[in-house]
Amino acid sequence: SYLVSHNLPLEKGAGRNLTADRLGTLSSQLLEAENDRKNLEATYESAKTISDPMSIPEVRDSPEMQDMRKAIHELEQKRASLAQVYTAEWPEVKRVDSEIKQIQKDINKSTKETVDSLKSKLGTAGAREAKLRAAYYAEWRAANSQTRDEVSIANLNQQIDTSRTLY
C-alpha cells in the first residue's frame, strides 16, 4: 500500500513514527556533541597558549602533577636549608638543584602530553560531531520526504471524501 511503500507510519500516535523519533534522538546527540567539542576546543586553545601550566585544569588536577609539585616544594625547602650552611657549589646543593631541574623537565613533558591529549580528544569530538551531523541530515531528509508523502496522502484522502459526498 501507499503507506508502506513511502515508509509512513501505519498508525498515528507516540512511538509509531520511527523516523521522527530517530530525528529527535539524533538532534539531542548532535547538540551534546557540539557542546562537547566547543568545550574541548576552548580548553585546548587556552591550554596551548597559557604560560602557567598549573592554570590548565587537566594539569593542575592530575595526581602525577600534584606529586611532582610537592616533590619540588620539598626539594626547594631542603635546598633553602642547605643554602644557609653551604654554598651553591656544595655537592648536596648541586644534587638537589639537579633533582629540581629534572622534576621541572618532567612537569614540562607532562604538560605537553596533557595538551597533546586535549588535541586528540578535540579531534575525536570533532569526528563524532561530523558523523552525528551527517546522520542527522540523512534522517532529516527522510523525515521531510515522509512529511511530503503524508501531505500527499492527506490530499488524496480529502479528494476521495469530496468525491464521496458529491456522488
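Is Asn 35 buried, partly exposed or exposed? Please set the residue in its helix, and that helix in the chain.

Modeller: Asn 35 is partly exposed, because its relative accessible area is 44%. Buried means under 20% relative accessible area, exposed means over 50%, and partly exposed lies in between, with a 1.4 Å probe and protein chains only.

A word on the source. This is a predicted model, in which local features need pLDDT of at least 70, side-chain atom pairs count only at pLDDT 80 or more, and totals for chains, interfaces and linings use all residues. Residues are numbered from 1 along each chain as its sequence is written, and side-chain values use heavy atoms, with hydrogens and water left out.

Confidence comes next. The score is pLDDT, the predictor's confidence in each residue, from 0 to 100. The chain averages 87, and 89% of the residues score at least 70. Among the elements, helix α1 (residues 2-5) has the lowest mean pLDDT, at 57. Helix α4 (residues 63-83) has the highest, at 95. Where pLDDT is low, the predicted coordinates should not be read in detail.

Now the chain. It has five helices and zero strands. Helices (H or I, at least four residues) and strands (E, at least two) are DSSP runs, numbered from the N terminus. Of the 167 residues, 25% count as buried. Contact means heavy atoms within 4.5 Å. Among contacts between residues at least 6 apart in sequence, 74% join residues at least 24 apart.

Back to Asn 35. It lies in helix α2, residues 18-49. Ala 125 is 90 residues away from Asn 35 along the chain, yet their C-alpha atoms are separated by 9.6 Å.

Leu 23 is buried, because its relative accessible area is 17%. Setting aside neighbours within four places in sequence, Leu 23 is in contact with Tyr 136, Glu 139, Trp 140 and Ala 143. Leu 23 and Ala 135 are 112 residues apart in sequence but 8.9 Å apart in space, C-alpha to C-alpha.

How does α2 pack with α5? The angle is about 155 degrees and the axes are 8 Å apart. That makes α2 roughly antiparallel to α5. Axes are lines fitted to C-alpha atoms, for helices over the stretch in contact, and angles run from 0 to 180 degrees between N-to-C directions. Under 35 degrees counts as roughly parallel, over 145 as roughly antiparallel, 65 to 115 as roughly perpendicular, and the rest as oblique. The contact of α2 with α5 has 17 nonpolar, six polar and 13 charged residues. Ala, Val, Leu, Ile, Met, Phe, Trp, Tyr, Cys and Pro count as nonpolar, Asp, Glu, Lys and Arg as charged, and the others, Gly among them, as polar.

Two residues show the α5 side. Ala 142 is in helix α5. Ala 142 is partly exposed, with a relative accessible area of 33%. The C-alpha atoms of Ala 142 and Thr 19 are separated by 7.1 Å, though these residues are 123 apart along the chain. Thr 114 is also found in α5. Thr 114 is buried, at 16% relative accessible area. Beyond its neighbours within four places in sequence, Thr 114 is in contact with Glu 58 and Val 59.

Helix α5 (residues 91-166) also packs with α4, at about 160 degrees with the axes 10 Å apart. That makes α4 roughly antiparallel to α5. Their contact divides into eleven nonpolar, three polar and ten charged residues.
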